[in-house]
Amino acid sequence: MTRQTKEETTIENEQPQPAIIIDDDVWEQLIDLTDGAAALCYQCGTCTAACPWGQFTNLDLSVRTFLRQAQIGVFQASEALWLCTTCAQCQPLCPRGVNIVDVFRAIRTLAWQNRTVAEGLPSILWSLYWNDNPWSQPPSQRSAWAGDIAIPQFNAQEHEILLYVGCTSSYDSRAQQIALALVQILRAAGIQFGYLGNLEPCCGEAVLNLGNRPYFEEIRAKTAAVFTQHGVTDLVVISPHCYDVFKNHYNTISKTIQVQHYTQFLTQLLEEGRLRFSRSINKQVTYQDPCYLGRHNAEYAAARTIIDHLPGVEFREMSRNREDGLCCGGGGGRMWLETPAGERFADHRVKEALETKAQILATACPFCAVCLEDSAKNLGQTELEIMDIAELARLGIE
Amino acid sequence: MASSFYGVEDQVQAIWVYLEHRDGSLENVSLEMLSEGRVLADQMGWPLVALLLGHSVENLCQDAFIYGADQVWLAEHKLLENFTIEGYTSAIYQIFLQSKPSVVFLGATHDGRDLAGRLAVRLRTGLNADCTGLRIDPDTGVLICEVSGFGGGVLALIEMQTHRPQMATVRPGVFSMRQTTSTPSKTIIRPTFTIEPEDIYTKYIERIEGDYVDLTGSTVLIAGGRGIDGDFQMLDALAQLLNGEIGATRPPVDDGYIERERQIGQTGVVCSPRLTICCGISGAFHFVVGIEKADTVIAINKDPKAPIFDHADYCIVGDVKQIVPKLIDALKTKV
């Protein structure tokens, strides 16, 4: 009984809780993690208005609120923090040029420190720790997709490029098809290339964008060392997510290794005349710009050049394209989080593709391919085929 | 490393099983551990001891004997009527310091995991969590626990050399239940222990079982995909005959045919049943991740090229709506 009385007294004397707590340490950490990115923001709210969550769904993501909190040093645990797909739709429209995605990554870093991350996310990191991939798959099976096609282990003396397959294209049965198609194209063009097979390390994209900065740095050091040890100078990657990480977040190797997305490499081969398409496809095609190729790296031309070179293809842009292209919903760790039915970006994207009357919705990212194909199936769309640019380009070779 | 309260010299060679019970009967995992414990006890020539806590639960001892226990240590107390972590930890801790068991198994259930962790810390010993295999080295009496996990990529065999008791939590559904054929001595021992109301901080108000289903512990899983067109009644009939649970891929959940708690896969539940029957499921990667730990997978799909067949032990090409009713009929006649 005494215990109960004590509790009652405490409640009576309790001061009202402040609405927000401004914390200098949080503020300093956020400045440090983002190079003060949020300081530029003058709270116009264009970001919130541009955010696809607000535009297309009933879930709220007030981007501006997060920027404000970062400016003044407030951290509040929030489910909305994990909605951000890091699609960067908000960034090209920001009148102050704030690197908003970086701010979200930094706030997520604080969430890891405060142990307030969304359910299920720690197991992704554990999977990386134990399996070197975020998909809880055995490392010994990483190269199983290439079982019958005998890709040689990379050798810097013999090979022009290292083909970096990435975790999703290694394990996801849908995305494996992209890797297989690309291998066929590279062979048709006579490219000497190798891969790292089961030794291929993860780039750490999921960890970076989920905001566990310290662990990302660990992965980066390990993975960079593998590339250095193998004497890699030219890296061609399948996923725009890996591409962005290697190009923009691997400061240690980005000076010595040329990183290309495979669409860029294929474009180069087309321009050099080493790759030629001879088979006519006779289809109407539209194209989904992957966020990490487009908005994050301003690469809008490569995939369109490839489509342009394909005989018989009639290209049709969706109304939202390039900087305005809508994210598939799979970035920023959302591939591992559930989005309620009816709130998925990919559903909208499929509908936008249908409006063009195209028969093929092409993309150049494993996450996009998986999400869009899922949505097309869910919407009962059997006429619209989801293809990766590599799969589309394969149709053009003999 | 600190040494445990008692070590190899002081241990009493015996296999102890902590019994969990609910609504007047022992939980399956407890019977599974007794069955497996009996095998190990016979190999080693050690006694199999069951530890039962509660209030007026003596009638449960009989079941423990049927499933192979030689002795039941029965700790009855009004304060142990409901599971509280403080009360149960305190009582078992006192009992173990008297009995000094060499090997202790607890079920890897919510309560079992909670209790095992606390006890291990209090006894300054180790704990092998969520074991799927158990052996005892006949020469040294050292317990060898098999712990699988991390996507099936790693299988670890863990031994505890010097710390006692050698504690393990055992994953439910891994071992089968077997009633014993031998006639054990059937001794009931009532240990002394003290427990005071002020030791227990948890206030027990009411036990409410939510609608929440936990598929992670089910031994038989009947999963339905887009191909069953929302006919989960059919799957439920099959599940009941096989004493299983029903699960689903994402599309039926999205369409509202079944609750989200039953979604299997990367963004749903990852489960490890002994048997999974995949009905009308194409086998998208993010679903397959959820059943990879299943022992046996049977897939029924009308498309012979469906990727699910790459992950199945038995592949049935055909219309799920014809095959499942026939399966139900066949099982009914057999039962």
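Domain bounds here come from an automatic or database domain assignment. On that basis, chain B splits into domain 1 (6-199) and domain 2 (215-334). This is a predicted model, with local features needing pLDDT of at least 70 and side-chain atom pairs counting only at pLDDT 80 or more, while totals for chains, interfaces and linings use all residues. Residues are numbered from 1 along each chain as its sequence is written, chains are lettered from A and ligands numbered from 1 in the order written, and side-chain values use heavy atoms, with hydrogens and water left out.

In chain B, the C-alpha centres of domain 1 and domain 2 sit 34 Å apart. Contact (heavy atoms within 4.5 Å) draws in 6 residues from domain 1 of chain B and 4 residues from domain 2 of chain B. The two bury about 390 Å² (accessible area, 1.4 Å probe, lost on being put together and summed over both), with 44% of it on carbon and sulfur atoms.

Chain A has domain 1 (24-113), domain 2 (121-269) and domain 3 (275-395). For domain 1 and domain 3 of chain A, the C-alpha centres are 27 Å apart, and the contact takes 19 residues from domain 1 of chain A and 21 residues from domain 3 of chain A. About 1,600 Å² is buried between this pair, carbon and sulfur atoms giving 58%. On the domain 1 side, A:Phe56, A:Thr85 and A:Gln89 supply 35% of the area buried against domain 3 of chain A, more than any other three residues.
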